[in-house]
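Here are my notes after a look through this one.

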Amino acid sequence: MSYRIDLTVLSEQKQFCRFGATLHNLSDQDLINWKLQFIIDRYILPDSFTNGDIEQIGSFCTVTPEVSTLKANQHYYCEFSINTAPLRYYTDGFKDALVLECDGEIKHPVVVTPIALASPYRERSELPEVEACQLALVPKPNKVDLQEGHYLLSPNSQITLQSIRAEKAATWLQVELESLYDFKTNPIGHSDMLFRDNPTLDEGEYILTVSGNGIRLEAGSAAGFVHASATLLQLVEVTEQSNTLKVPCIRIADRPRFRYRGMMLDCARHFHSVERVKRLINHLAHYKFNHFHWHLTDDEGWRIEIKAFPELTEIGARRGVDMELVPQFSTLNDVHEGYYSQDEIRQVISFAAERGITVIPEIDIPGHCRAALKALPHLLQDTQDQSQYRSIQHYNDNVLSPALEGTYQFLDTVLTEVAELFPSPWIHIGADEVPDGVWVNSPSCKVLMAQHGYHSSKDLQGHLLRHAEKHLQALGKRMVGWEEAQHGNKVSKDTVIYSWLSEEAALNCASQGFDVILQPAQYTYLDMTQDYSPDEPGVDWASTIPLESAYHYEPLKAIPDSDPIRKRILGIQCALWCEIITHQKRMDYMVFPRLTAMAEACWTDKSQRDWTDYLSRLKGHLPLLDRQSIKYRQPWKNK
């Protein structure tokens, strides 16, 4: 270890903290003409920085010290301030650091020590001890009649279809039985797993019956057969005999509480391989989710191949020190890169469809567009715009201009390719977090405002989004976006609002006549920390969300069942933003077991939901997670 950096919280107030950072030169060589680089996800006030100057792009910071030589076995110290709430977790500190020497010709890795917090949380979230439930079904079915005895699945067992709708579900069941239990069905046998049409059952509804005569899965939809298969997979018990399983005799009549049950995965901040994406989608099928929202573009990466604009992936899918997109969030010395070809996307769409899941793509506009702007400057950069702004992620160059012809050429081309690629009837266009101050000093935007009688940047945002909505409608698609999509009052009520700020914001949109998907960050964001220990990974800007908090999210709790506004609430979605999710183990830890709690909020009637009962079922369900090699967060420590 030749170089080490320490970060200490010196003082903190409600929305202001002072920090001290010390770089130790532990080598026997002087550093000559050096600079310090580090990653921190909060904005450092430049005028507060001591003993040097700092430049910050997003989370990437470069420090030019006052003294150009740092002698061997000496240290460099600086202080700075951030307008932030007090920090509680080690993941709030430096993510990586690097020393550049001799004007960048030499790079030295730096060991980053955990941040010295001024007031870490002391309380802990502890779960009550419960007995593992034998009938460990998650989410809980709405009507269960458990009977005596078991049915034995043997080497002669066969899947039989009496419904064309059941083909994909039957294939999935066969694949999962072999993957989880090493059980192979027989192409010729006694037809004891029967998929049968029941036209009286609504979308997603199913009846599963296990008796001495075999197993019958009934549904009136392809989705219902998938959900029945998911329940059957949780009922299966292993035996000591090879290729033999047993299933308890039971009758389950079940239906979804909400018709939309989704999860969003951010693949822009950090790229996740096709196999990792498929793995998550398969998990979603096990818990009866039916939508996968794929966040494919953002400031830090463009992850979808657009054949008309290869620059979007050639430039916009790569981050590194000497690239158009500089490092962000995790690593400084490595290139972070990756995107999905259109063929790979078709594979994911097909994989999801076989599991009853619709893939909704998101192309985030007009903010969160830095990767696109850097890739296509000739189309997207307004060189005369002198507006000063800073986005929530600390960029001053990440917003499309609604006054440039190139913006609309870009949008029409990208949305057309996306619409042709994704069968989903919905396309998500983001629309969130356009910062204050955009476009105010753009001559072309001023002309556009005068032409249409606009008065604010929200009017301009609405102007651009209305164009996107009309273009998508012409392509046969329905536009969906975060609640900021309504800004400027320009889009129609055909647009679906995904509400992330709060449930109150969702109800406000619904009262205006918008259809709404609930995604309140305070309960549904799986990148939030799961406990109050300082070494818990995650962020906490919305809330710390222990398993109990996730489970106790009761959507529309304050709204009477008779209130017509409920008809505007189409469903619920949880989300995993991936600023600090870089590998499979971390993803598993953040998602599980909270995903099972969210699944129950989406699926199970509120009259059937009970915290202690859920814990008992979860405890009995953990061995199935182990079978899938899911590295979940242990709900009961040392138990």
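1. Where is the place of proline 139? Proline 139 sits in the loop between β11 (111-112) and β12 (144-153). Keep in mind throughout that this is a predicted model.

2. While you are checking the backbone, have a look at asparagine 51. Its phi is positive, about 60 degrees, although asparagine 51 is not a glycine. You will find asparagine 51 in the loop between β4 (35-39) and β5 (52-57). Why flag these spots at all? Because most residues other than glycine have a negative phi, and most peptide bonds are trans.

3. On to helix packing. Helix α3 (residues 274-286) packs with helix α5 (residues 342-353) at an angle of about 15 degrees, and their axes are 10 Å apart. Angles under 35 degrees count as roughly parallel, so α3 and α5 are roughly parallel to each other. The crossing of the two helices is right-handed.

4. Which residues make that contact? From α3 they are Val274, Val277, Lys278, Ile281 and Asn282, and α5 contributes Glu344, Gln347, Val348, Phe351 and Ala352. Sorted by class, the contact of α3 with α5 has six nonpolar residues, along with two polar and two charged residues.

5. Now the largest pocket. What is its volume? The volume of the largest pocket is about 1,200 Å³. A total of 49 residues line the largest pocket, and the closest to its centre are Ile392, Gln393, His394, Glu433 and Trp541.

6. A last point on the lining of the largest pocket. Helix α10 (residues 457-474) supplies the largest share of the lining, and that share is three residues. By class, the lining of the largest pocket has 19 nonpolar, 14 polar and 16 charged residues.

Notes: Residues are numbered from 1 along each chain as its sequence is written. This is a predicted model: local features need pLDDT of at least 70, side-chain atom pairs count only at pLDDT 80 or more; totals for chains, interfaces and linings use all residues. Side-chain values use heavy atoms; hydrogens and water are left out. Axes are lines fitted to C-alpha atoms, for helices over the stretch in contact, and angles run from 0 to 180 degrees between N-to-C directions. Helices (H or I, at least four residues) and strands (E, at least two) are DSSP runs, numbered from the N terminus. Angles under 35 degrees count as roughly parallel, over 145 as roughly antiparallel, 65 to 115 as roughly perpendicular and the rest as oblique. A crossing is left-handed if the near helix is turned anticlockwise from the far one by less than a right angle, and right-handed if clockwise. Contact means heavy atoms within 4.5 Å. Ala, Val, Leu, Ile, Met, Phe, Trp, Tyr, Cys and Pro count as nonpolar, Asp, Glu, Lys and Arg as charged, and the others, Gly among them, as polar. On a 1 Å grid over the protein atoms alone, a cavity is a set of points where a 1.4 Å probe fits but cannot get out, and a pocket is an open set with protein on both sides within 12 Å along at least five of seven lines; lining residues have an atom within 4 Å of a point. Grid points are joined across faces, edges and corners, and a volume is the space filled by probe spheres set on the points.
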